[in-house]
Amino acid sequence: MGKQKLIRELTKKDLKKIKLIAFDVDGVLVPRGTKIKQTGNVTRLETKRILPEQVEQIKNLHFLGFKITINSGRGLYMLQDMFREVLPFVSLTYENGSATWYQGNIHQHVNSFKSLYRVYSDLKSVRSKYIKGFEQKEFIITIHCTNRVKRIEEIVSKHRNLYTIWNGEAYDIGMRNIQQKSRGLQSFMKVLKLKKKNVLAIGDNYNDRDLLSSAGIRVSADKARLKGDFYIELNKKNLPAKQLMGQIIAVCS
Ligand SMILES: [Mg+2]
């Protein structure tokens, strides 16, 4: 890979073959972090919404002819809530590439039922003051914790076909090399009949290296954690997605 360029160096020519733009969510379209609280059988989750300015930008990209796909570890119900206003213009690949919602249809990319059914019960029995709660998921397991919990890692490590990803606030547990963002993106690219050169992807964290690897143009929203062809400087006021979309709209309209 050559030198990473600043996003404002992205040109219309660079975008010539790009038909699909893939967005990571947390740290890109909304600030990082999920608030969760579980008391007995009651789980409370905070829903973040994208800002009106990003709604307008997504619509603009759509009218410029780009397809937009959201790729996240979050569950579908939550992504639908977050992106309610732009659902006609986006597809949602959720739970680390497990499935894609597209215009009301669900394209399921993996079946993790047999692999995760037993380990879920084992994980439910773990007692630790660090565990905040299990997030509702269909295809992966997500456990929010205030700190790493060794027992969780031990249980999962007994299953060679499973992974744990600790992202500083939660564990994602899924099928190794299968339930990952890139696999979901690639499966959805087949639905749209697109190739790698047709895709631009943006992410901000270590686990997005895999997402970016399926894209012709890679954009990093955190240069310290992730390499890209282009990068966006961390800026508390302007979300990375805002800066990326702003640049694409500016050079294409
Ligand atoms: Mg992220």
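Which residues in α3 meet which residues in α4? Val 119, Asp 122 and Leu 123 are the α3 residues, and their counterparts in α4 are Ile 152, Ile 155 and Val 156. The structure is a predicted model.

## Helices α3 and α4

Helix α3 covers residues 113–124 and helix α4 covers residues 150–157; their axes come within 10 Å and cross at roughly 160 degrees. Because angles over 145 degrees count as roughly antiparallel, α3 is roughly antiparallel to α4. The crossing in which α3 passes α4 is right-handed.

The contact of α3 with α4 consists, by class, of five nonpolar residues, one charged residue and no polar residues. Asp 122 in α3 takes part in this contact, as do Val 119 and Leu 123 in that helix.

## Helices α1 and α7

A further helix pair is formed by α1 (residues 52–63) and α7, whose axes come within 10 Å and cross at roughly 35 degrees. This crossing is left-handed.

From α1, the residues involved are Glu 53, Gln 54, Gln 57, Asn 60 and Leu 61. In α7 they meet Ala 241, Lys 242, Met 245, Gly 246, Ile 248 and Ile 249. Sorted by class, the contact of α1 with α7 has five nonpolar, four polar and two charged residues.

## Ala 250 in helix α7

Helix α7 spans residues 240–252, and Ala 250 lies in it. Is Ala 250 buried or exposed? Ala 250 counts as exposed because 11 C-beta neighbours lie inside 10 Å, and the cut-off for an exposed residue is 12 or fewer.

His 107 is 143 residues from Ala 250 along the chain, and the C-alpha atoms of these two residues are separated by 33 Å.

## Domains and their contact

The chain is divided into two parts: domain 1 takes in 5–110 + 179–252, and domain 2 takes in 113–175. Taken over C-alpha atoms, the centres of domain 1 and domain 2 are separated by 25 Å. To the contact, domain 1 contributes 17 residues and domain 2 contributes 15 residues.

On the side of domain 1 that touches domain 2, strands β3 (36–39) and β4 (42–45) each supply at least two residues. Which element gives the most to that side? Three residues come from β3, which gives the most. By class, the side of domain 1 that touches domain 2 has 11 polar, four nonpolar and two charged residues.

Technical notes:
Residues are numbered from 1 along each chain as its sequence is written. This is a predicted model: local features need pLDDT of at least 70, side-chain atom pairs count only at pLDDT 80 or more; totals for chains, interfaces and linings use all residues. Helices (H or I, at least four residues) and strands (E, at least two) are DSSP runs, numbered from the N terminus. A residue is buried if 20 or more other C-beta atoms lie within 10 Å of its own, exposed if 12 or fewer, and partly exposed in between; C-beta atoms are placed from the backbone. Domain bounds come from an automatic or database domain assignment. Two residues are in contact if their C-beta atoms, placed from the backbone, lie within 7 Å. Ala, Val, Leu, Ile, Met, Phe, Trp, Tyr, Cys and Pro count as nonpolar, Asp, Glu, Lys and Arg as charged, and the others, Gly among them, as polar. Axes are lines fitted to C-alpha atoms, for helices over the stretch in contact, and angles run from 0 to 180 degrees between N-to-C directions. Angles under 35 degrees count as roughly parallel, over 145 as roughly antiparallel, 65 to 115 as roughly perpendicular and the rest as oblique. A crossing is left-handed if the near helix is turned anticlockwise from the far one by less than a right angle, and right-handed if clockwise.
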